[in-house]
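Work through the exercises below with the structure in view. Try each task before reading its solution.

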Amino acid sequence: MPACQKVGIFYEEGYTMELITRCLPVGTLPYDSIKHTTAMMAKLFQKTPFIALLPNLSSSDTLERHFFENLPGIVYGDDNKFILKTGTKEYNEEMSVLDAVYKNPDSKDIEKFSFEAEFSEKYFQMIKKFKSPNAIINMPGPFTVSQILTPVAEEQVLADKSYKKMFIQAVCVKALKIMKQINEISPNTVPIVILEEPELGQLSLIKRRNEVITNEFVVELISKVVEKLKGYGAIVGVQCLGKCDWSIPIKAGVNLISFDAYNNPNNLSIMADKLTKFLAKGGMINWGIVPVTSDNVIKGMKADYLYKRLITTMEGAVHSGIPSDLIYKSAIFSVNGNMDKLSVIFAEKAIMLTKQLISRFVADFGTV
């Protein structure tokens, strides 16, 4: 990895960013023990550990539950909804703290915004032990956060600038807290923050219901987070496994886009010019090509079939006008969804299929 200069506890913006792997991990796994999760992670993801989420170990071990913990005004309701309560003295005080930490992440108050998953302790231990070149941080993206929250009143949440500010700052501070911990134990580990934005796939419907939400509005929302995290040394990507307009995260300045290449193979071909410019500037595409919808799907899946399907999908992007060298050198790969509903044996098969595809791809097309 390249040498990095540091400012405070973080990295200086502008150094050369590299991915050490072509395999992008997905955060939710079917294990019900830390021991088994650690064994898999140590074997397959030493260079890119991630905070595995284990809802089969604890039903509250989800990305949303950990993200919304300790944020201003957030209450987890009995109906499994996240409620936003504002206007109280306590809320205003907590927002002041969040704002101060956002402006100065070196502040000790960043400890108030921890992300404590069941696997978090082992995650940091692995980074320290293996001096991992990269470490994955999955976070809800700010637009999806805005759609998850249910306000107590009936007002349009995004119509209020203070709410918008809170969504941006909350995502940044939660990610920066993990980045700080990584930097303290392994200063040369480069964090890769993946902003989960499933609601981008519903944007056309959401825009019909809420005239405040335009493409430009969502670009601005995401770009504020991307700019902040890149400024502190992160590679930043957006993941949406539904069909969406990828020009939005590209305009927002992401380094990486992650899409479902198995079910939405043509999602990129309709914007060849934008993607060519994105890749020419060093952008990367994660092709979620291994389907994980059920045990039966994975049981019958063969590496040869998946590889042919992958190459056909990538060739479709080339035929749309994207230069082949940009497509191939920028490509990384993954399964196409969370795996907590699978049997362990088939989740592990899906991961191994991904690894086999990558080995064959590198043999055919070379490394980045």
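The exercises go from the whole chain to single residues.

The model is predicted, so local features need pLDDT of at least 70 and side-chain atom pairs count only at pLDDT 80 or more, while totals for chains, interfaces and linings use all residues. Residues are numbered from 1 along each chain as its sequence is written, and side-chain values use heavy atoms, leaving out hydrogens and water.

**Exercise 1.** State how many helices and strands the chain has, and decide whether the chain is as compact as a globular protein of its length.

Solution. Step one: count the DSSP runs, numbered from the N terminus, where a helix (H or I) has at least four residues and a strand (E) at least two. The chain has 14 helices and 11 strands. Step two: its radius of gyration is 20 Å, close to the 21 Å that the globule rule gives for 368 residues, so the chain is as compact as a globular protein of that length. The radius is taken over C-alpha atoms, and the rule is 2.2 Å times the number of residues to the power 0.38.

**Exercise 2.** Find what share of the chain is buried, and what share of its contacts joins residues 24 or more positions apart.

Solution. Step one: buried means under 20% relative accessible area, exposed over 50%, and partly exposed in between, with a 1.4 Å probe and protein chains only. Buried residues make up 55% of the 368 residues. Step two: a contact means heavy atoms within 4.5 Å. Among contacts with a separation of 6 or more, 74% are between residues 24 or more positions apart.

**Exercise 3.** Locate Pro265 and give its accessibility class.

Solution. Step one: Pro265 lies in the loop between strand E9 (256-259) and helix H10 (272-280). Step two: its relative accessible area is 27%, so Pro265 is partly exposed. Step three: leaving aside neighbours within four places in sequence, Pro265 is in contact with Asp260 and Thr313.

**Exercise 4.** Is Phe167 buried or exposed?

Solution. Step one: Phe167 is in helix H6 (residues 161-185). Step two: its relative accessible area is 0%, so Phe167 is buried.
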